[in-house]
Amino acid sequence: MNSKHVPILLAATCLFLVSTINTNAQSSIDADPLLNELIVLKAKMIENNEINERYKIQLFYGTDLKEANKIKNEFKEKYKEWPSDIVFETPNYKVWIGDFRNKLEAERAFIELKKDFKSAIIFKP
């Protein structure tokens, strides 16, 4: 055998072995049939906001419902682009706004809101 052909033969052998190993590895993986069903279910839950992977901004936290309503109304007068809710977790009322897809989106809103609502905080419920 000519010494020029040795590197070519070696390279061809390596390629053959790698492609054989790769093909065998791919064909030996058996996915659970429920995997696709779970992926679809999770996508629906995220879409319906059942899995809360979004950020919110809290404007108020306290036991006074009147104050919570006052803050919410103040917010609604100045900012119409974000939804607002009053959430009750015994014994406190919380005014939450927004449903931001990522932290950057929440931070942009936070910068604007912080001017009017000094106790505002960003969080992920």
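Strand S2 and strand S3 (residues 92–100) run antiparallel and are joined by six bridges. Helices (H or I, at least four residues) and strands (E, at least two) are DSSP runs, numbered from the N terminus. Isoleucine 86 has valine 95 in S3 as its bridge partner. The model is predicted: local features need pLDDT of at least 70, side-chain atom pairs count only at pLDDT 80 or more, and totals for chains, interfaces and linings use all residues. Residues are numbered from 1 along each chain as its sequence is written, and side-chain values use heavy atoms, with hydrogens and water left out.

Four strands form an open sheet in the order S2-S3-S1-S4, with antiparallel pairing; two strands pair if DSSP finds at least two bridges between them. At the edges are S2 (84–89) and S4 (121–123), each of which pairs on one side only. From one strand to the next, the twist averages 35°. Proline 91 is placed in the loop between S2 and S3, and the peptide bond from threonine 90 to proline 91 is cis, with omega near 0°.

Helix H3 (residues 65–78) lies across S1 (55–62), S2 and S3, at about 160° to S2. Helix H4 (residues 103–113) lies across S1, S3 and S4, at about 40° to S1. Contact means heavy atoms within 4.5 Å; axes are lines fitted to C-alpha atoms, for helices over the stretch in contact, and angles run from 0 to 180 degrees between N-to-C directions.

Leucine 34 lies in helix H2 (residues 34–47). Leucine 34 counts as partly exposed because its relative accessibility is 48%, where buried means under 20% relative accessible area, exposed over 50%, and partly exposed in between (1.4 Å probe, protein chains only).
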